[in-house]
Amino acid sequence: MFHVKQSEKQTPNSAFGVDTPLARELADLSARRRRLESVELQFAGDARVLTVSNQKGGVGKTTTAVNIASALASFGAKVLVIDLDPQGNASTALGVPHSADTASIYDVLIDEMPLADIVQQSPESESLLCAPSTIHLAGAEIELVSQVAREHRLRRALDQYLSENPVDFVIIDCPPSLGLLTINAFTAASEVFIPIQCEYYALEGLSQLLGSIQMIQKHLNPDLHLSTILLTMYDGRTRLAQQVADEVRSHFPNQVLDTVIPRSVRVSEAPSFGQTVIAYDGASAGAIAYREAAVEIASNGAPDTHRTIASGQTQSKEN
Ligand SMILES: Nc1ncnc2c1ncn2[C@@H]1O[C@H](COP(=O)(O)OP(=O)(O)O)[C@@H](O)[C@H]1O
Ligand SMILES: [Mg+2]
């Protein structure tokens with residue numbers, strides 16, 4: 001018995017003809033990185049507004065929201081992330097201050113402050129913007145109940161913002177609940193983007209989420225639809241992860257991206273440096289997978305008004 005210590009930074013020693021699973025994995029990773037280098041995306045038309053939602057906590061919503069946003073920005077898109085979770089994890093990962101005295105999405109939703117007054121630029125990129133959340137947002141769920149047009153407040157603020165500050169993508173990071181904050185996201189967005197963690201209870205609660213989407217479609221926002229599902233925290237060594245992935249794909253053949261996001265230490269380390277994994281370690285398996293997923297999102301399902309042209313090919317890996 002021996003262990004091969006896996007380092008994402010190691011490179012295969014092909015000169016010595018080493019052919020091990022690790023060497024193959026690393027060679028595959030560098031081939032995928034080279035393919036990504038040749039991808040060019042062009043963005044035009046109206047903003048696509050995606051809400052990253054799943055009422056389960058810890059499934060990778062925030063990680064997905066910030067890394068897809070950063071990956072899209074790395075391909076030249078202008079992206080606004082709206083942090084709608086009182087935890088403020090998306091603001092942290094984008095390196096954007098969000099202490100209690102920061103003007104935040106709370107002020108937009110409750111006091112009708114213009115979104116433009118709270119949007120900050122992430123230090124990562126000029127084209128990566130963030131509407132931060134602060135701890136005050138924790139009270140908004142209750143404060144919104146008595147507000148006029150309580151389900152439409154984010155939509156109104158966003159429409160106003162976009163009329164003066166065009167962006168290519170708006171990505172909303174939702175809290176783990178189906179309360180008024182998430183309803184505001186569903187009303188403001190046209191696409192729902194669900195990250196699913198490849199573990200045993202993955203599909204539990206999904207029917208409740210789909211039911212909520214249908215309710216919103218019927219009563220508040222007929223444009224809303226489930227456009228994208230991303231399998232996250234995939235561990236290719238376990239049969240369970242493969243089974244979950246197969247099951248999700250069989251239920252949602254048109255929505256699940258080919259790319260899966262591997263479980264990766266780099267991905268979980270990045271936020272503690274106030275960075276996305278794209279900035280923290282762009283050559284890591286997690287960063288490459290998120291960039292591939294971003295290419296798929298940009299290329300797939302773009303409505304007619306928003307054409308995205310991908311030249312060059314990315315090939316999604318199978319685990
Ligand atoms: N691909 C991944 N590999 C390893 N850890 C991950 C991965 N994606 C997310 N995590 C970690 O899992 C935890 C939950 O992720 P998070 O994005 O905060 O979920 P949510 O926003 O749904 O609550 C975080 O600690 C995050 O760093
Ligand atoms: Mg979160």
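Mentor: Two residues are taken to be in contact when their C-beta atoms, placed from the backbone, lie within 7 Å. On that basis, 77% of the contacts in the protein chain with a separation of 6 or more join residues 24 or more positions apart. This is a predicted model, in which local features need pLDDT of at least 70 and side-chain atom pairs count only at pLDDT 80 or more, while totals for chains, interfaces and linings use all residues. Residues are numbered from 1 along each chain as its sequence is written, and chains are lettered from A and ligands numbered from 1 in the order in which they are written.

The protein chain contains 12 helices and 10 strands; helices (H or I, at least four residues) and strands (E, at least two) are DSSP runs, numbered from the N terminus. Of its 319 residues, 47% count as buried. Buried denotes 20 or more other C-beta atoms within 10 Å of the residue's own, exposed 12 or fewer, and partly exposed the range in between, with C-beta atoms placed from the backbone.

The part I select is a helix pair. Two packed helices are described by the angle between their axes and the distance between the axes. The axes of α1 (residues 21-37) and α12 (residues 285-299) come within 10 Å and cross at roughly 40°. Such axes are lines fitted to C-alpha atoms, for helices over the stretch in contact, and angles run from 0 to 180 degrees between N-to-C directions. Angles under 35 degrees count as roughly parallel, over 145 as roughly antiparallel, 65 to 115 as roughly perpendicular and the rest as oblique; α1 and α12 are therefore oblique to each other. The crossing of α1 with α12 is left-handed, a term used when the near helix is turned anticlockwise from the far one by less than a right angle, clockwise being right-handed. On the α1 side the contact involves Leu29, Arg32, Arg33 and Leu36, and on the α12 side Ala285, Ile288, Arg291 and Glu292. By class, this contact of α1 with α12 comprises 4 nonpolar, no polar and 4 charged residues, where Ala, Val, Leu, Ile, Met, Phe, Trp, Tyr, Cys and Pro are nonpolar, Asp, Glu, Lys and Arg charged, and the others, Gly among them, polar.

Asn184, in helix α7 (residues 180-188), counts as buried because it has 29 C-beta neighbours inside 10 Å. Setting aside residues up to four places away in sequence, Asn184 touches Leu109, Glu151, Arg153 and Leu154. Its C-alpha atom is separated by 6.7 Å from that of Arg153, 31 residues apart along the chain. Ala279 belongs to helix α11 (residues 277-280) and is buried, with 22 other C-beta atoms within 10 Å.

Most residues other than glycine have a negative phi, and most peptide bonds are trans. Glu112, although not a glycine, has a positive phi of about 55°; this residue lies in the loop between α4 (105-111) and β4 (120-121) and, with 12 C-beta neighbours inside 10 Å, counts as exposed. Met233 likewise has a positive phi, near 50°, but is found in strand β8 and is buried, with 23 other C-beta atoms within 10 Å.
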